[in-house]
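Look at the model first, then read on. The report below walks through charges, rings and surface patches.

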Amino acid sequence: MTTTSRRPAIAATGLRKTYGEHVVLDGIDLHVAEGTVFALLGPNGAGKTTTVHILSTLIRADAGDVRVLGHDLTREPDRVRAGIGVTGQFSAVDGLLTGAENLKLMADLLHLGRAAGRRRTADLLERFDLVDAAGKPAATYSGGMRRRLDLAMTLVGEPRLIFLDEPTTGLDPRSRRAMWQIIRDLVAGGVTIFLTTQYLEEADQLADRIAVLDHGRLVAEGTAEELKRRVPGGHIRLRFADGDALALASRVLGDAPRDEEALTLRVPSDGGVRSLRALLDRLDDAAVEVESLSVHTPDLDDVFLTLTGHPTQEKVSA
Amino acid sequence: MSTMAHTLSDSATMLRRNLRHMQRYPSLTLMIIGMPVVFLLLFVYVFGGTLGAGLGGTSGGRAEYATYVTPGILLITIAGVAQGTAISVAMDMTEGIVARFRTMSIARVSVLTGHVVGSLIQTMLGLAAVTGIALLVGFRPTANPVEWLAATGLLAAVTFAITWLSVALGMVSKSVETASNLPMPLLLLPFLGSGFVPTDSMPAGLRWFAEYQPFTPVMETLRGLLVGGPIGSSATQALAWCAAISLLGYLWARRLYDRDASR
């Protein structure tokens, strides 16, 4: 499945983690090439955050062989830590310190030296649009500002590999788009990104490769296109005014799968105008009134449904 | 930089962070200093007249009691800061920022030493303030500068020990509420010792406990240094307790910090 010969930023095999009886990760393999964006996609509770915690040395795996940036995770955690940056789901900023002080704290811990630290802090405040808020305590920041400060703090050390654990969860659409642009800029600068998300669109937008995680197992991996190709194809959804019309239409169209509650019918289709016209003609001939119609090309939601047999818990179209 | 230099520099960074927290969130510090002051006023003005008469000294009464009770109040101050430290550590551990520190290549112990040294500074300021108020309400020390210095050193050693212990208590707590309750027994120890009344007046079982618990030799040594009186083996015992509690607290805290951060 590896499509690239570049050096791996992450190479993990047989990663396992259990909490008591509960198996969180059930032997997963990950291979992330340097300079790419890898998205780990899955619903809440799939094991995404646990994976990030293990790969970023925060918790230990029960089993598995992991090399991050060429260093063994268990034997050389400090070498790994020196090259990575982590921006978690819950913001890792110090609420009592100001934005500038938070960045300065990172610069001090990285031993950048006074002048270099000040320059880096100023650059990042500028780049993340936090200059005006630099002197205010981070606790007073909005969700989007906190997330930007969080990422800025991660970047103080210029990490080669960045873990972004659900970077846009809870952000409004505008902040989400801003965050996506920031991530694209980072990738353009040669950084490797390991991203977790429950938003299908986000993985589609950003990732070179996507792995689908469900109940601690990887159920699929590939590019967005490869994953989409694995689902049977698009369909047309027809909605009717009542059950009689639905039943009649279902008979006319050869027992297409129907949803009695929503009064909808799902007809396989390539989404083309010709086939659409043919479909409507058949319904017209049988004098069935269609209330509304929508055309679906396969998206990652369909992928998820096909691969796991259940829909994502939270469907979000940002 | 060598590992040692890294540890020192990272600890200094963390200390600056903790001092800034105290500055931004002064209510905790004020509460910490306020509580022993309330105890001091309560014991000197409400109970002092009667308790002082029971001491059997020459002057008797309130003035003598103020002098007697001050070492106990100083230990209450230290125990109060311990509670504050446990609370701040527990609060810190629930914050994402500590998870960030764990994923950075920094001296791991620095997060903890930052708290310990910060609390040490906070306590020494608190002790100075409480001593000042004690002097105002009748505490009459007879110590020379060397004895003052020795007393300060002993108080610092006790604070260091108790702070390491409370850092561990703050970390072992699953919630901030627990962290606030766990160090409570430390506040009681000066009462169950020679802090407020001489141990001879206590019933046998309690007297045994009072004489052998760690705070009693500390209070006896302080009393000896500040207002005169026999010190005997108390000083050695006090320092031995400090060393033992520091070591225990340090090892426990480190172990808790290195444990999986799976909160």
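A residue is called buried when its relative accessible area is under 20%, exposed when over 50%, and partly exposed in between (1.4 Å probe, protein chains only). Both Glu166(A) and Lys48(A) are buried by this rule.

The model is predicted, so local features need pLDDT of at least 70 and side-chain atom pairs count only at pLDDT 80 or more, while totals for chains, interfaces and linings use all residues. Residues are numbered from 1 along each chain as its sequence is written, chains are lettered from A and ligands numbered from 1 in the order in which they are written, and side-chain values use heavy atoms, with hydrogens and water left out.

**Chain A in outline**

Chain A has 11 helices and 14 strands. Helices (H or I, at least four residues) and strands (E, at least two) are DSSP runs, numbered from the N terminus. The C-alpha trace of chain A spans about 80 × 45 × 40 Å along its principal axes. Of its 318 residues, 48% count as buried.

Ile193(A) sits in strand β8 (residues 192-197) of chain A. Its relative accessibility is 0%, so Ile193(A) counts as buried. Ile193(A) and Thr36(A) are 157 residues apart in sequence, yet their C-alpha atoms are 6.4 Å apart.

Asp208(A) belongs to the loop between α7 (200-206) and β9 (209-214) of chain A. With 38% relative accessibility, Asp208(A) counts as partly exposed. From Asp208(A) to Ala39(A) there are 169 residues in sequence, but 7.9 Å in space, C-alpha to C-alpha.

**Salt bridges**

A salt bridge is a side-chain nitrogen of Lys or Arg within 4 Å of a carboxyl oxygen of Asp or Glu. How many does a search of the whole structure find? The search gives 20 salt bridges over all chains. The table lists some of them.

| Salt bridge | N to O distance |
|---|---|
| Glu166(A) and Lys48(A) | 3.3 Å |
| Asp72(A) and Arg75(A) | 3.1 Å |
| Arg24(B) and Glu101(A) | 2.9 Å |

Take Glu166(A) and Lys48(A), which meet in a salt bridge. This pair links distant parts of the chain, 118 residues apart. Glu166(A) lies in the loop between β7 (161-165) and α6 (173-188) of chain A, and Lys48(A) in helix α1 (residues 48-55) of chain A.

Asp72(A) and Arg75(A) form another salt bridge. Asp72(A) is buried, with a relative accessible area of 5%. Arg75(A) is exposed, at 68%.

Why does the salt bridge of Arg24(B) and Glu101(A) join two chains? Arg24(B) lies in helix α1 (residues 3-24) of chain B and Glu101(A) in helix α3 (residues 99-109) of chain A, so the pair joins two chains. Arg24(B) counts as partly exposed at 31% relative accessibility, and Glu101(A) counts as buried at 17%. Elsewhere, salt bridges that share partners join Arg16(A), Asp26(A) and Arg217(A) into one network.

**Aromatic rings**

A pair of aromatic rings is described by the distance of the centres and the angle of the planes. Rings of Phe, Tyr and Trp (its six-membered ring) pair if their centres lie within 6.5 Å; planes under 30 degrees apart count as stacked, over 60 as edge-to-face and the rest as tilted. Over all chains, a search of the whole structure finds 12 aromatic pairs. One of them is the stacked pair of Phe191(B) and Phe196(B), with 4.2 Å centre to centre and 5° between the planes.

Phe196(B) is buried, at 4%. Ring pairs also link Phe39(B), Phe43(B), Phe47(B), Phe191(B) and Phe196(B) into a cluster.

**Surface patches**

Patches are made of residues with over 30% relative accessible area and no salt bridge: like charges are joined within 9 Å, nonpolar side chains (Val, Leu, Ile, Met, Phe, Trp, Tyr) within 5 Å.

A nonpolar surface patch of about 620 Å² is made by Leu188(B), Leu192(B), Leu206(B), Trp208(B), Phe209(B) and Tyr212(B). Helix α9 (residues 204-212) of chain B gives the largest share of this patch, 4 residues. Trp208(B) is in helix α9 and is exposed, with a relative accessible area of 58%.

Asp123(A), Glu126(A), Asp129(A) and Asp132(A) form a negative surface patch. Asp129(A) lies in the loop between α4 (114-127) and α5 (143-155) of chain A. Asp129(A) counts as exposed, at 60% relative accessibility.

Notes:
Accessible areas come from the Shrake-Rupley method with a 1.4 Å probe; for residues, only the protein chains shown count as cover. Lys and Arg count as positive and Asp and Glu as negative; His and the chain ends are not counted. The place of a charge is taken as NZ of Lys, CZ of Arg, CG of Asp or CD of Glu.
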